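These are my notebook entries on a two-chain structure. I set down what I looked up, entry by entry.

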Amino acid sequence: MSHTLEVDSIHFELGSKKILSNIFLSCKTNQIVGLLGKNGVGKSTLMKIIFGAIQCDQSVRIDRVFIKNAFKRHTLISYLPQHNFIPKSLSIKNIFADFEIDLNEFLQFFPEFMNREKLTMNRFSGGERRIIEIYTLVKSRSKFSLLDEPFTLLSPLQIENVKLLLSQTKSNKGLIITDHLHQHILDISDYTYILRNGQTYLCKETSEIASLGYVRI
Amino acid sequence: MMIQLKHIRILWMFYKNIALLSILITGFCIRTFWHFGFESFFSIFWAKVITLTITVLLVDSLKKKEYFYYQNAGFSKSILWSIILVFDIALFLSAIVITHKLK
């Protein structure tokens, strides 16, 4: 079944500084949507607002139903923050049990974790932890996943695997991804928004992204 | 939200952040209650509340990043703390009542 996430009317200020003011963003099941922008423009803030972790004036709708604090219904939206967030005392087995994820499927996709599923998170490298976190959220029951800098800490080979995972998973989920490794985002996304001066600009071509000053061609 | 085994496991995992310190403090309170009886109850109760508050503030700042794990599992910060604190205070009061009956 197809679902639509729509976000608009977000107004967020820090002190007297307007961070987000004219936002429109939409994502459907079976789509990967890129969100690009320079440092400090509010990409992570926007994701946290959609997830409900930051409160402000907003309108987040799924299938035209207004949603506040989306995370309280974890079947709606999941959110991968920039930093490692899974408690270090948990093993892959524990985590997958909490999120009802098939461990064997994970081991088939990432065989390097074979026979290590009982190790706790503090025994893995930063990149390995990132892969476990991405897999957990992408395979969780949520209809949409917001991924904030998923490629951070990953090696080029790991990035390729994660891109493959995301492309395969989008058949039953909508994904919104932001990362400074913009080429990877452009490779897998159906379309991209540029966040600039508190506003989102829809871009379907790389030339449009360049014209907004985010990249040089 | 229907309570499932996985919810109890997630809540227990969060409670483990304060469990050791909290149980130690409860043990100290019970020992004091055993020696001085019911007249010491209010001092003990406030000692428990104050130390629990300090523990909560400490864990809150140390485990800030981990809240996203619980939020992704469907538990807001306020729900987590409410359930954990009610459980911990209930545990403390039950221990007081049992000690009072045994004495």
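In what order do the elements of chain B run from the N terminus on? I read them as α-α-α-α.

Basis of the entries. I am working from a predicted model, in which local features need pLDDT of at least 70 and side-chain atom pairs count only at pLDDT 80 or more, while totals for chains, interfaces and linings use all residues. Residues are numbered from 1 along each chain as its sequence is written, chains are lettered from A and ligands numbered from 1 in the order in which they are written, and side-chain values use heavy atoms, with hydrogens and water left out.

Chain B. I looked up the secondary structure and found 4 helices and 0 strands (helices are DSSP runs of H or I with at least four residues, strands runs of E with at least two, numbered from the N terminus). The C-alpha atoms of chain B fill a box of roughly 45 × 30 × 20 Å along the principal axes. I note that 41% of its 103 residues count as buried (buried is under 20% relative accessible area, exposed over 50%, partly exposed in between, with a 1.4 Å probe and protein chains only). Of the contacts in chain B between residues at least 6 apart in sequence, 76% join residues at least 24 apart (contact means heavy atoms within 4.5 Å).

Interface. I then turned to the two chains together. On this count, 23 residues of chain A are in contact with 15 residues of chain B. The area buried between them is about 1,800 Å², and carbon and sulfur atoms give 62% of that (the accessible area, 1.4 Å probe, that two parts lose on being put together, summed over both). I found 6 residue pairs in polar contact across the interface, both residues at pLDDT 80 or more (a pair of N or O atoms within 3.5 Å, one able to donate a hydrogen and the other to accept it within protein; residues adjacent in sequence count only if both atoms are side-chain atoms). On the side of chain A that touches chain B, helix H1 (43–51), strand S7 (77–80) and helix H2 (92–98) each supply at least two residues. The largest share, 3 residues, comes from H2(A).

Salt bridges. I count 2 between chain A and chain B (a side-chain nitrogen of Lys or Arg within 4 Å of a carboxyl oxygen of Asp or Glu). One of the pairs I looked up is Lys6(B) with Glu100(A), at 3.2 Å from N to O. This pair crosses from helix H1 (residues 5–36) of chain B to the loop between H2 and helix H3 (103–109) of chain A. Lys6(B) counts as buried at 9% relative accessibility, whereas Glu100(A) is partly exposed at 42%.

Arg61(A) counts as buried at 18%.

I also looked up Lys163(A) and Glu160(A), which meet at 3.5 Å. The two are 3 residues apart in helix H5 (residues 156–169) of chain A, so about one helical turn separates them.

Ile132(A). I located this residue in helix H4 (residues 126–139) of chain A. Is Ile132(A) buried or exposed? Its relative accessible area is 0%, so it is buried. Beyond its neighbours within four places in sequence, its contacts include Ile92(A), Phe106(A) and Met121(A).
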